[in-house]
Amino acid sequence: SDSSADVVAERVVELAEEVLKRDPGREGGISPKEWIFRLNAMQRNPEEVRAKLLPFTRIDAQCGRFQVPPLAELAAFRAIVATCAGASLLAAQGVERGHFTLIAVDEAAQALEPETLVPLSLAGQDTSVCLSGDWKQLGAVVRPGEAHVAAPLPVASLRERRDAPKQLPVATVMLSLPSDLFYHSALVPCVDQGI
C-alpha cells in the first residue's frame with residue numbers, strides 16, 4: 001500500500017541521514033534527496049504524503065500531481081521506493097531488467113503472486129531479491145472479490161506457496177518465472193503447450 005511504502009521510504013531516509021551524520025563524506029557528501037526517491041502513482045493525492053517525505057518525490061508544478069521523472073533521472077537514484085503496482089511505472093519509463101542490484105518486497109505475505117511479479121520483472125541475473133513478511137500475521141487479500149469470479153486466475157499468497165500444487169493449468173512460458181522464483185522450478189504445466 002502507499003502508506004506502507006511511505007513508512008519504508010521514511011525509514012530509508014532516516015537511516016541515510018543518520019549514516020551521513022556519522023560519516024559526512026559518505027555517498028560523496030550529497031544529500032539523500034539526490035539519491036533516494038519515493039515513486040508515487042500520478043493519481044495519488046500529494047496531501048496524503050507527510051511533508052518530510054515530499055522532497056523525495058516529484059510533483060508537477062502545473063497540475064499539483066505526482067509525476068514520474070524521465071529515465072535519466074530515475075537511473076541516477078540509488079534507492080527507489082514504490083508499491084508493487086507502482087513499480088510498473090519504472091518499466092514504463094524504460095528502466096531495463098537488471099538495472100537494480102537489489103529488489104526488496106516488504107510484507108510479501110500480504111501480496112498475491114501477480115502483484116509481486118511486477119517489481120520482480122525488473123530483476124536481472126545479478127539482481128538480489130528479498131521477499132520479506134510473516135505469513136502468520138496477515139495474509140493476502142483479493143480485491144475486489146468479483147475480479148476472481150469474472151476472470152479466475154491461479155493466485156497464491158506466500159502462505160499458500162509452501163504447499164504449492166505441482167501442476168498448474170498454464171503454459172510453460174507463463175509458468176517459468178514464478179516456478180523459478182517461488183517453487184524451486186518444481187511447477188509443471190498441464191495444458192497443451194501450443195496455446
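The following questions and answers walk through a predicted model.

Student: How many residues does the largest nonpolar core have?

Tutor: Those with the most contacts inside this core are Phe37, Leu39, Leu74, Ile80, Leu90, Phe100 and Ile103, and the elements that give two or more residues to the core are helix H3 (88-92) and strand S3 (102-105). Apart from it lies another core, of 12 residues, which includes Ala9, Ile36, Val49 and Phe66. The largest nonpolar core itself has 16 residues.

Student: Which side chains of S3 point to one face and are buried?

Tutor: Along S3 the side chains alternate between two faces.

Student: In S4, which residue is the bridge partner of Ile103?

Tutor: S3 pairs with strand S4 (residues 128-131) in the parallel sense, over 4 bridges. The bridge partner of Ile103 in S4 is Val129.

Student: Is Ala85 buried or exposed?

Tutor: Ala85 lies in the loop between strand S2 (79-81) and H3, and its C-alpha is 10.0 Å from that of Asn40, although the two residues are 45 apart in sequence. The relative accessible area of Ala85 is 55%, and because a residue counts as exposed when this value is over 50%, Ala85 is exposed.

Note on methods. Residues are numbered from 1 along each chain as its sequence is written. This is a predicted model: local features need pLDDT of at least 70, side-chain atom pairs count only at pLDDT 80 or more; totals for chains, interfaces and linings use all residues. Side-chain values use heavy atoms; hydrogens and water are left out. A nonpolar core is a set of buried Ala, Val, Leu, Ile, Met, Phe, Trp, Tyr and Cys residues joined through side-chain atoms within 4.5 Å. Buried means under 20% relative accessible area, exposed over 50%, partly exposed in between (1.4 Å probe, protein chains only). Two strands pair if DSSP finds at least two bridges between them.
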